[in-house]
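Please read the following walk through a two-chain model with the coordinates open beside the text. The paragraphs go from the chains to their domains, and then to individual strands, helices and residues.

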Amino acid sequence: MKKLFLITMMLVLPTLMISCATTGELEKVQAEQKMIDAKADQALKDAQAAKAAADAAQVKADETSARADSAIKAAEEREKAAMEKEKAAVEMEKIAEEKAKKADAAFQKSMKK
Amino acid sequence: MKSVQETAGSFPSQSHHAKEIERNKFPVARGEDVIGRLAVIRLEKGDTLPDIARHFSLGINAISAANPGVDVWVPEAGERILLPLSFILPDSPRKGIVVNLATMRLFQYKEDGTSLLVTTYPVGVGTSERPTPTGRMHVARKAARPTWRVPASIAEDHRKKGDILPKAVPPGPDNPLGEYALYLSKSGYLIHGTNKPASIGLTATNGCLRLYPENVKTLFDDTPVKTPVRIVNQPYLIGQRNGVLYLEAHAPAEESDALELEKLYKKLRTIEKKAQRTLDWKKVREAQAEARGIPVPIFELSQGSEKEAAKPIEVEHPETLYGKPEIPALNLRAWYVLAADLPDKIDAQRIAAIINHQGPQIPARVFKKSGSYRVIAGPFNDGSEAKKAAKRLKIDLEIDGIVIEPVKNG
């Protein structure tokens, strides 16, 4: 009888001990989960905020890029116009020079005997 | 090689001012080849380069080459013009008359006791079709108020243009020989005056040498018969003054360019070898390519103290330019010729200036007329004078003028 009691105690005690450890652990895990959740929420919020900031930056970059594109285009157009103007001026100068040359040639011819 | 102060072509500071400058007569120092001095002048409204050229005894060729890019007929008032009044004497014996065709300049040498004097004048020379001959000759005879016996070739040229010339043209404004002629021993060639002063410095003659009327008179008086005449063609001249070697490059006739350049480089290599120093060949090539017809310092011959080339002098604009064509006042009783109606003011001014510089002169001016500019030649005393001018405009300048009758008759 004494032997049986001993054996029973040997089986029951560890079981009690195991179940006590599992409950504490669970609470700890649950607390940790909460904290991680909160962290995750924060991280998500942060990520969303970062994304929003990134998106906003992208929009700004896109806008800037578009502005730069149009500025380049405008500059190119201006350059083209300036080149055309210069070309026209060169052309005019050429015509003026031609006229002067023609007049000079006529003059030189008129100076013969 | 030591650098030589380059001043040719650069304009002087305010300190070098003069009212007058010598343009014809210069002493020639022993062993020296460069005479005269460069000068600058500020143009005034209405000046043309031919007017400035004549006043300073320069040819149109010389003033144009020295001032590239300047409008010959309508230069800007206030523009500063270089007067190329410094010359390298031709490589020829310094005796009698020497003419350099490439520079279009005549040099007359005279001994003055122990020193040598040179008088120089610009000339007009023959065209490429009828060139002035080179070589040695002499003055065979002289004539004041010569008659021009029209050569058959010239009569034929004029006939083709519808202009019938007489066999002989007596002295007077229509005589192209002007008032004085020196007949050369080479038959058919003369040194003479002109009734077209604006042709001095042009290749416009039939082989003769033309001088400004005021220059030919002096030459005529100073030149005895039998004076030796040497005609050379030297587009590249080198010479020294005050220990500095100068190069004067002129635009050569195309056919003689390679040969003349070869001669120049040979001479320069000899100088370089003798001096045992390297010449600034870049400067030589620049002067040759620019061909401005002014002496450019290229080498210091004797090593020693730093030598400086003479700076151009600033000359005051004279009150009136000698020989500048005058335009008579408008007269409602006179006849006129409408020579051109142009949209551009400069074009109109150029045509008017060219007409004004015809020989004999045809006065012309520009009228502004609602969006266009009219070139009006005149005044003429009568209809026949106006018609004669219109005919000359047609023959000489291919201008179809319209004769305008007087506003008021009688």
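What follows describes the chains and their contact, then selected sheets, a helix and some individual residues.

The model is predicted, and local features are reported only at pLDDT of at least 70, side-chain atom pairs only at pLDDT 80 or more, while totals for chains, interfaces and linings use all residues. Residues are numbered from 1 along each chain as its sequence is written, and chains are lettered from A and ligands numbered from 1 in the order in which they are written.

Chain A has one helix and zero strands, where helices (H or I, at least four residues) and strands (E, at least two) are DSSP runs numbered from the N terminus. Of its 113 residues, 4% count as buried; a residue is called buried if 20 or more other C-beta atoms lie within 10 Å of its own, exposed if 12 or fewer, and partly exposed in between, with C-beta atoms placed from the backbone. The contact between the chains draws eleven residues from chain A and 19 residues from chain B, two residues being in contact if their C-beta atoms, placed from the backbone, lie within 7 Å. On the side of chain B that touches chain A, the elements giving two or more residues are β16 (203-205), α7 (345-356) and α8 (383-397) of chain B, and α7(B) gives the most, with four residues. By class, this side of chain B has nine nonpolar, six charged and four polar residues, where Ala, Val, Leu, Ile, Met, Phe, Trp, Tyr, Cys and Pro count as nonpolar, Asp, Glu, Lys and Arg as charged, and the others, Gly among them, as polar.

Chain B is divided into domain 1 (17-232), domain 2 (236-304) and domain 3 (335-404), with bounds that come from an automatic or database domain assignment. The C-alpha centres of domain 2 and domain 3 of chain B lie 46 Å apart.

In the loop between β7 (97-100) and β8 of chain B lies B:M104, whose phi is near 55°, a positive value in a residue other than glycine. B:M104 is buried, with 26 other C-beta atoms within 10 Å.

Helix α4 (residues 213-222) of chain B has the buried residues B:N215, B:V216, B:L219 and B:F220. Seen down the axis of α4(B), these fall within an arc of 135°, so they line one face of the helix; the arc is that of the directions from the helix axis to the C-beta atoms. They pack against β8 (105-112), β9 (115-122), β11 (135-144), β14 (180-184) and β15 (190-192) of chain B, whereas the face of α4(B) turned away from its buried side carries the exposed residues B:D221 and B:D222.

Another sheet of chain B is open, with three strands in the order β19-β20-β21 and antiparallel pairing. Because β19 (236-241) and β21 (296-300) of chain B stand at the edges, each with a single partner strand, one side of each is left without a neighbour in the sheet. Strand β20 (residues 244-249) of chain B pairs with β21(B) over four bridges, and B:L247 stands opposite B:V296 in β21(B).

Strand β24 (residues 364-369) and strand β25 (residues 372-380) of chain B pair in the antiparallel sense over six bridges, with B:R365 opposite B:I376 in β25(B). The two form a hairpin with two residues between them, and B:G371 in the turn has a positive phi of about 85°. The peptide bond from B:G378 to B:P379 is cis, with omega near 10°, and B:P379 is in strand β25 of chain B. The peptide bond from B:G359 to B:P360 is cis too, with omega near -10°, and B:P360 is in the loop between α7 and β24 of chain B.

Key: Two strands pair if DSSP finds at least two bridges between them.
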